[in-house]
Structure formats: C-alpha cells, structure tokens
Protein chains: 2
Amino acid sequence: MVRVLVVHDEGLLRSALVKLLGSDEGLEVMSLSPRADVPDHDTWQTEVCVVDGDCLEGPEAAPGAPFRARWGDRLVVLTTPERPGVLRRAFEGGALGLVDKDASAERLIAAVHRVAKGERYLDEPLTVALLEGAEMPLTTRELGVLSLAAQGSPVAEIAARLHLSRGTVRNYLATAIRKVGARNRVDAIRIVQNAGWT
Amino acid sequence: MVRVLVVHDEGLLRSALVKLLGSDEGLEVMSLSPRADVPDHDTWQTEVCVVDGDCLEGPEAAPGAPFRARWGDRLVVLTTPERPGVLRRAFEGGALGLVDKDASAERLIAAVHRVAKGERYLDEPLTVALLEGAEMPLTTRELGVLSLAAQGSPVAEIAARLHLSRGTVRNYLATAIRKVGARNRVDAIRIVQNAGWT
C-alpha cells in the first residue's frame, strides 16, 4: 500500500483527484490545500506527494521548497507543455514524476507507483516540451523588475522598492522586452506569465 | 438516473470529476473536452452539463453559447468568488447551478440533482460574491481595446484593427484605467483579467 498526499488549490478538484487515485487498490490517499501548513511528518507518513505545478510557482520566494524539503524527490507534479517555466522548475527541482494535466487516470496512477519505488516517470508530451523548451532568458533582476511591473507598479515605485534608479529600471525592462522577443512591456509580461516563468 | 456531461479543459481533472460524480449511484457521467465539438443531442441525451467556468470565458465571442443552446438552463458552472466576471456571466446567462470550486464533493452532487429537476442551486460563497460584486464598469468598446492591449498589440495596431484613430484608442485606454481604479495600463489589464472580465 502506497500512501499519497494530493495538493491542489481547488477543494472540489482535490476531492476529485482523491477519488481518482483512491480507485486504485494499491493507494491510500489524503489531501491538503496549498494554503494549509504541511503537516508534521510523523502524523501522515505519506510517501508520495501529487502536487499541482501551479502550487509550486514563483522562483523568488521558492514556494515549492516545503514540498521538496518534506518529500524529497518523491513528488509527482501535474503540469502542461504550455507552461515550460513550471515544467523546468519541477524538473530541475528534482521531482521524479512529471505528469501532463491532459493525461489519462491510468498514467497518473502508474506515475505514483513508479515514484513510490524511487523511479522516474516523465510523461511523453512533457519530455518533448522539456527538450524543446528554451532556457529562461531573463536574469533574476530582469525578471524581478518585470514581475513588479506585472503587478501594476509604476517605474518610480519599482525603483524605490529595489533601490535602483528609474533609468536602471527602464533599462532592465527594455532588455527583458528584447530578450523575450516582445513588442512592448505588456507583451513581455504576457509572454513571461503564459510560460509560467513568474 | 440523471445523465451528466462534464466539460473541463484538463483531461486528468475531467477524469477525476467523472469519478467523483460517478460515486453517486443516481448519476451516469460522461465527459468532453471544451475543444471538442458538442455531440449530437440524440447520441448522449445528457440532461445536465457540469462545466468549468473558465471554459465559458470571453464576452465577445460568447463561447458559452453552444452550452446554453444545447442544455438551456441545465448548466452547473464551477467557479470561484475571485472571478466575479465569470460568475456574473454564468448567472446572467441563466445557468441554474453555480458551485464554488472549493466546495465539497457532496455539494456538487447535490447541485447536479437540483438542476436536473429544474431547480436553482447557488453556492453560499458565490451568492455573497454576486451580491457584493460590482457591475463590469467598462463599455464593450473599452473592454475590446483593453483586451487587444493585453495581447501585446501597440496602440497603432489596435487603431488599425478597430478602425479608430490612435487618439481615440488612447482615450479608451485612459478611461478604462480610470474606471477600474488602476494605476496604469498594465495594472488595468491585471485587474480586468483577474476578475474574469475578459
């Protein structure tokens, strides 16, 4: 019997995933909201954590860190080829399992069993996306400036918050726009957000 | 026995919702990708459609229309209080069921049975959001201009596409920014997208 924890930010889909995994007789399933604290290791003793890739977002604050600290490489991350940023973060973070959100129930169940044994499970469509996927082209600083702009902060505010001059902030934004092949600031934000790089 | 169709854009969560609804003995469940064509009425004869609110998005192209045409008011829309635009569109479109994505499995199953009988099911947290929720403050024109800007189109391109002068496009953008209480163009796009108004 493999003990699995499901983490997804929507309660209804969390219940649905528990039902789906629980249909396999070899799995015992619990679930958790990503907004809740990760429970004490000894209480649940789950061996594998199935987590929505969007719950691991944000390279700055590293919100995926508690999962990696608690389950190590015994993570099955759900994501899509359209989010290369999330995919790469999960892969480089060392998660053994990567499953396409468009996969069948059987593939998810197979992934959980493989990861429980310490084996890698990389879903075919995601492998292709990983191989094709370009590296994140922005430096941490450029991404940081763009992320603040994406939250609606004007240049002066970004400058004050990061202790930079306005000219430097404008330079970072211009470089970021050029590097991601965007037409303007709004376009750069759209490209970076869609790819899951923020 | 109530025949239900589940529409969600992620295959894995579609399977999971089918499993969840199928655990109720009174429901027979099928599922469909929103990218697929709505099947011929006579083939499946489903009475209720459970659809992810995000599949109904976009006021311009009215992608929710095929669902309303096919199931009338026998729709259960899954959404959250954080997306007042989606919520309002579903409500005003006449969907009988509105269920919070954070609800329990039991509430979704109860909603399906109620809607099958032609009764309304409005989840508590969503009722509050509907009552509190402001009307969409933008005109169709302002929203159209902002939507194009959100896709990264520069002012000149928006002007050409909508057969407007650049000055008029800038005026629409300025009005939109003011109306949604934004600090700048990027902020207005963020506010409108988060609310589910585009």
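The model shown in every view is a predicted one.

**View 1. Overview of chain A, with its 10 helices and six strands.** The C-alpha atoms of chain A occupy a box of roughly 60 × 35 × 30 Å along the principal axes. Of the 198 residues in this chain, 49% count as buried, and the accessible surface of chain A amounts to about 8900 Å², with 49% of it belonging to carbon and sulfur atoms. When contacts in chain A between residues at least 6 apart in sequence are considered, 63% of them join residues at least 24 apart.

View 2. L12(A), R183(A) and V186(A) together supply 24% of the area that chain A buries against chain B, which is more than any other three residues supply. Four salt bridges are counted between chain A and chain B, and 14 residue pairs are found in polar contact across the interface, with both residues at pLDDT 80 or more.

View 3. Apart from neighbours within four places in sequence, K101(A) contacts D52(A), D54(A), L78(A), T79(A) and T80(A) in its own chain, and E10(B), G11(B), L12(B) and L13(B) in chain B.

**View 4. Helix α7(A) and the elements that cover it.** Nine of the 11 residues of α7(A) are buried, so this helix is largely enclosed by the rest of the structure. The buried residues are E142(A), L143(A), G144(A), V145(A), L146(A), S147(A), L148(A), A149(A) and A150(A). Their cover includes α8 (155–162), α9 (166–179) and α10 of chain A, together with α10 (185–194) of chain B. Just after α7(A), G152(A) takes a positive phi of about 95°.

**View 5. I158(A) in helix α8 of chain A.** I158(A) has a relative accessible area of 1% and is buried. Residues up to four places away in sequence being left out, I158(A) touches V145(A), L148(A), A149(A), S153(A) and V169(A). The C-alpha atom of I158(A) is separated by 6.5 Å from that of L148(A), which is 10 residues away along the chain.

**View 6. H163 in chain A and in chain B, each within the loop between α8 and α9.** Most residues other than glycine have a negative phi. H163(A), however, has a positive phi of about 55° although it is not a glycine, and phi of H163(B) is likewise positive, near 55°. H163(A) is exposed, with a relative accessible area of 72%, and H163(B) counts as exposed at 73%.

**View 7. Salt bridges within each chain, shown for R107(A) and D123(A), D187(A) and R190(A), and R183(B) and D187(B).** Over all chains the structure holds 26 salt bridges. In one of them the side chains of R107(A) and D123(A) meet at 3.0 Å, N to O. R107(A) lies in helix α5 of chain A and D123(A) in the loop between β6 (121–122) and α6 (124–132), so this pair ties together parts that are 16 residues apart in sequence. R107(A) is partly exposed at 29% relative accessibility, whereas D123(A) is buried at 3%. D187(A) and R190(A), both in helix α10 of chain A, are three residues or about one turn of the helix apart, and their closest N and O atoms are 2.7 Å apart. D187(A) is buried at 3% relative accessibility, while R190(A) is partly exposed at 30%. In chain B, R183(B) forms a salt bridge with D187(B), with closest N and O atoms 3.9 Å apart. Salt bridges that share partners also join E10(A), D52(B), D54(B), R83(B) and K101(B) into one network.

Definitions and conventions
Residues numbered from 1 in each chain as written. Chains lettered and ligands numbered in written order. Predicted model: local features only at pLDDT ≥ 70, side-chain atom pairs only at ≥ 80, totals over all residues. Heavy atoms only, no water. Buried area = accessible area lost by both parts, 1.4 Å probe. Polar contact = N/O pair within 3.5 Å; in protein donor to acceptor, adjacent residues only side chain to side chain. Helix = DSSP H or I, 4+ residues; strand = E, 2+ residues; numbered from the N terminus. Buried < 20%, exposed > 50% of the residue type's maximum accessible area, 1.4 Å probe, protein only. Contact = heavy atoms within 4.5 Å. Areas by Shrake-Rupley, 256 points an atom, 1.4 Å probe, with all protein chains shown as cover.
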